[in-house]
Amino acid sequence: MTRKKEPIWIARELSRCSGCRKCEIACSLFHENRIWPDASMIRVFMLVPGLEFPHFCAQCEDYPCVKSCPVDALSISKRTGAVLVDKKTCIACGKCIDACPGRIPHMHPREKHVVICDLCHGNPQCVKVCQEGSWNVLRTVPRKDSAYKLYARKPEEITRDLAAKIYGKIGEEYL
Amino acid sequence: MILGYAGKFLDIDLSTQSIKETGFSDEVLKDYVGGRGLAAKILWDRLGSRWETVDPLGPENILLLLTGPLTGYFPGGRTCVSGKSPQSNGVVGSTLSGEFGVELRCAGYDGVIVTGKAEKPVYLFIKDSDVELRDASGVWGKDGKQTVAVLTKECRELLQTRYPRYGEWKEPAMVYVGPAGENRVRTAVVGSKWAHAAGYGGYGAVMGAKRLKAVVAKGTGPLPEVADIEKVKRLIKKVCENVYEGEMWRRWGTGAAGYEVGAKTSSEPIRNWQEEWHDEKSFGVDKFENRVWMKQYWGDFGCPTTCLKLSVIKDGKFKGAITDNPDYEMQAYLGPNLGIFTPEENVFLVSLIDDLGLCGIQTGNVMGFAAELFQEDILTREDLDGVELKWGDAEAFAALAKKIAFRKGIGDVLAEGTYRAALKIGKMKNMDLLPYAVQSKGISIGAHGIRSGKDYPEIISYACSVQGGDHTSTASLPLDGGGSELMEIFNDSGVYCNFNSFAVSRNVRFDFYEAVTGLELTREDWCFTKALKVLQLQRAMLLLGGPDLKWDPKVHDDNPPRFYKPLPSGPYKGKAADKDAVEEYKKRYYEAVGWDKNGIPTSEILRELGLRDVDKALEKVR
């Protein structure tokens, strides 16, 4: 994937996720130079085995997290459309987590700031590894005027839907 | 401290509920690495002097859950489970995939050492350095899938309550036992993620006997620091790129083999190994792929292969069955070995075996053994508590599996595993039933036969392995060759999935070790010094055995009698293992690994390897 100049979005096809967590590995290696799943900006949830999916920022069209920040630590990258966290300003109050319809941001495990996908300055590493292995759960596309907010969903909600799709009715007893 | 390790181990005594941290010297870690190697060392040091008297299902046994320095780095993370085996009375390094090993290392621990026995059912909950024993009475008796559901919910709620501002907690990872482990069934597994299992060794019974239902881990730290992260990144890429070239292996995993190993190499167990050939296209991987796989690729931490597939039966008689692939071993042992040749029946049985916490290989083997005794009118319908154990009847085998897991009726005898069951039923019937038992030193033989000579195991693979019938740890020469047990010891000690190492040169694993730890390790040094030492420790504990059984190499370093009977069908009809050839190969193998003509490690080799105390202990069996 070549480096895009216009804002981008990561298209996602959750039910194809193998649960390999290569996206977490790539993300944390890029941002922390360590394999550090809990510091990764993309996290693969597997609340029920077989129903794995990557959970990461959907860059809602109205950016409720940015609006909720009491100290203006969050901003929107003009180049990529990503939510950028100013680590020094962030007070780790968690208001952005509550404002996010999918409760997607989480606290950095060691430092005092929230973790939100920064789209790797326009060349997302998670997409790269997902495509290298041809799982193709993730794909970089130009950002359009779409209802991205639909993708900002809580892990339990996504799990419930995947259970219906993959397991059918029987999946309910494992939720 | 050596890089690549978290540097700490948890040392838990369930009898006194004490939770301590412990560690090992750099020298020990350099020599034994982790996982299986370290397990052999810990068990020898702590139990070696009284090995023969240690009851594997007693509180004195030690349950080990160990990672290695490569866990999480080498693509495809695993965890090694060990202890004194209730199957072989020796030591088995039994690995299972899943997220547990990675979570544990991120929590700051390389392993968990469990002794004693809890008064009431408990589970261990590890959140970084906060470690606690919690009441498991709510999940005791629950099957695998339910256990995962309840404990995932409970532990996530705990985390949300304790860290309300963190955000959404991902599920912690866990290993657990099902009802079979609770009931001390010798073919019980330590499981994870519904369908993964450490089967060989029977450590589910050890965990259950300790009343330890599960170990749950959530680690928020990074994987331990490595010596050369850039080199590690390059090696990960190298392993993955090689894997990506193998389209069929990724697409089908071992799932193609349920048909192929029967039809092509003629080495698949069929009706308790009465045959090893079938050409049943009804069991072709295409039928699995299109009829039951709801997910084409399913895998664990960092895995490029994702050879697992998610199988779901959505309607019909077996509605509600969910499992992985099934992988080849499960296909074979809970398929053709029981006379079953459809994906749906196979998935149904594998799902049930997962839920009960049984090992599909060991249990499929003992059920095949029972079915052949029924075929021969040795076991009657009455003996089987009314079960008509006919080949191909999936529901009859399901009924029997439940009896085994709960030790009901005949299940109580079969729960002892094939070897012990053969002795017990033999005594009952006043017959020698060992010719029907396809096992080696208490461990059922993996679903790869040796008679056709076309599969990978060799004629001494199982006879001379320190892990008996374990098809993932087989003996062969040369000692530094790809199929050598010494190379398998590296996979199980570095603790990663060897399926991802097939496509790259054998030395890549040693490059990986060096990039992670900063220590140089050559194949020669590994095979002829370090791994050989682990092998001698395992051999010594296997031969000391006890308390209920002991192995005599002159008798037990051999193939099951069935492998000397000519194959009755297929392209290799008439072929069998040749006794003289076995003896000749055995002699060469003994010499190569430093065992005397009776199969006992010589004083010379033990002293050379610095194992004087082992030498002394073996005087008893010389």
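This is a predicted model: local features need pLDDT of at least 70, side-chain atom pairs count only at pLDDT 80 or more; totals for chains, interfaces and linings use all residues.
**Entry 1: overall build.** I started with the secondary structure of chain B and found 23 helices and 17 strands. Next I checked how chain B is packed. Its radius of gyration is 23 Å, close to the 25 Å that the globule rule gives for 622 residues, so chain B is as compact as a globular protein of that length. I also looked up the box its C-alpha atoms fill: roughly 60 × 60 × 50 Å along the principal axes.

**Entry 2: the inside.** How much of chain B counts as buried? I got 64% of the 622 residues. Then I took the contacts between residues at least 6 apart in sequence, and 71% of these join residues at least 24 apart.

**Entry 3: two domains.** Chain B is divided into domain 1 (9-218) and domain 2 (246-444). Their centres, taken over C-alpha atoms, are separated by 26 Å. Domain 1 puts 32 residues into the contact and domain 2 puts in 27. On the domain 1 side, H4 and helix H5 (179-182) of chain B each give two or more residues. H5(B) gives the most, with 3 residues. By class, I noted 12 nonpolar, 16 polar and 4 charged residues on that side of domain 1.

**Entry 4: meeting chain A.** Here 37 residues of chain B are in contact with 37 residues of chain A. Which elements of chain B give two or more residues to this side? I listed helix H4 (144-162), helix H7 (229-245), strand S13 (293-298) and strand S14 (308-312). The residues on chain B's side divide into 19 nonpolar, 9 polar and 9 charged.

Terms used
Residues are numbered from 1 along each chain as its sequence is written. Chains are lettered from A and ligands numbered from 1 in the order in which they are written. Two residues are in contact if their C-beta atoms, placed from the backbone, lie within 7 Å. Helices (H or I, at least four residues) and strands (E, at least two) are DSSP runs, numbered from the N terminus. Ala, Val, Leu, Ile, Met, Phe, Trp, Tyr, Cys and Pro count as nonpolar, Asp, Glu, Lys and Arg as charged, and the others, Gly among them, as polar. The radius of gyration is taken over C-alpha atoms; the globule rule is 2.2 Å times the number of residues to the power 0.38. A residue is buried if 20 or more other C-beta atoms lie within 10 Å of its own, exposed if 12 or fewer, and partly exposed in between; C-beta atoms are placed from the backbone. Domain bounds come from an automatic or database domain assignment.
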